[in-house]
Amino acid sequence: MLDAGKHDGSIRTDADPGDFLQLTGALWRAARGPDDRSPRMLALVLDGLRPQQPLP
């Protein structure tokens, strides 16, 4: 999945499967219920996989 995203430009080229697994591994420990932060945490991880835009 990461390789396909790197190929089509939707995922940054330095993304590493091990990094992704380590970052998302914390999601299973997120509290359930009203304080559930896992959706926000996953969104942050996925945002971090996006290619960086060059600075103007």
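A salt bridge here is a side-chain nitrogen of Lys or Arg within 4 Å of a carboxyl oxygen of Asp or Glu. By that rule, Asp14 and Arg12 are joined through their side chains, at 2.6 Å from N to O. The model is a predicted one, where local features need pLDDT of at least 70, side-chain atom pairs count only at pLDDT 80 or more, and totals for chains, interfaces and linings use all residues. Residues are numbered from 1 along each chain as its sequence is written, and side-chain values use heavy atoms, with hydrogens and water left out.

**Overall build**

- The protein has three helices and zero strands, where helices (H or I, at least four residues) and strands (E, at least two) are DSSP runs numbered from the N terminus.
- Going along the sequence, you get the pattern α-α-α.
- The radius of gyration, taken over C-alpha atoms, is checked against a globule rule of 2.2 Å times the number of residues to the power 0.38. The protein has 13 Å, while a compact globule of 56 residues would sit near 10 Å.
- Laid out on its principal axes, the C-alpha trace spans about 40 × 25 × 15 Å.
- Contact means heavy atoms within 4.5 Å. Take the contacts between residues at least 6 apart in sequence: 47% of them join residues at least 24 apart.

**Surface and burial**

- Accessible areas come from the Shrake-Rupley method with a 1.4 Å probe, and for residues only the protein chains shown count as cover. The accessible surface of the protein comes to about 4,700 Å², and carbon and sulfur atoms own 58% of that.
- Buried means under 20% relative accessible area, exposed means over 50%, and partly exposed is in between (1.4 Å probe, protein chains only). On that scale, 18% of the 56 residues count as buried.

**Salt bridges**

- Searching the whole structure turns up two salt bridges.

**Helix α3**

- Helix α3 covers residues 38-49, twelve residues in all, and reaches 17 Å from its first C-alpha to its last. That is close to the 16 Å expected at 1.5 Å a residue, the expected span being 1.5 Å times one less than the number of residues.
- Ser38, Val45 and Leu49 are the buried residues to look for in α3. Looking down the helix axis, the buried residues of α3 fall within an arc of 50°, so they line one face; the arc is that of the directions from the helix axis to the C-beta atoms.
- What do those buried residues pack against? Their neighbours are α1 (2-8) and α2 (17-25).
- On the other side of α3 sit Pro39 and Arg40, both exposed.
- Pro39 has a relative accessible area of 54%, so it counts as exposed. From its C-alpha to that of Arg12, 27 residues away along the chain, the separation is 21 Å.
- Arg40 is exposed as well, at 52%.

- His7 belongs to helix α1, and at 74% relative accessibility it counts as exposed.
- How far apart are the C-alpha atoms of His7 and Asp36? They are separated by 33 Å, for 29 residues along the chain.
- Pro17 is part of helix α2 and is partly exposed, with a relative accessible area of 46%.
- Pro17 and Leu2 are 15 residues apart along the chain, and their C-alpha atoms are separated by 7.1 Å.
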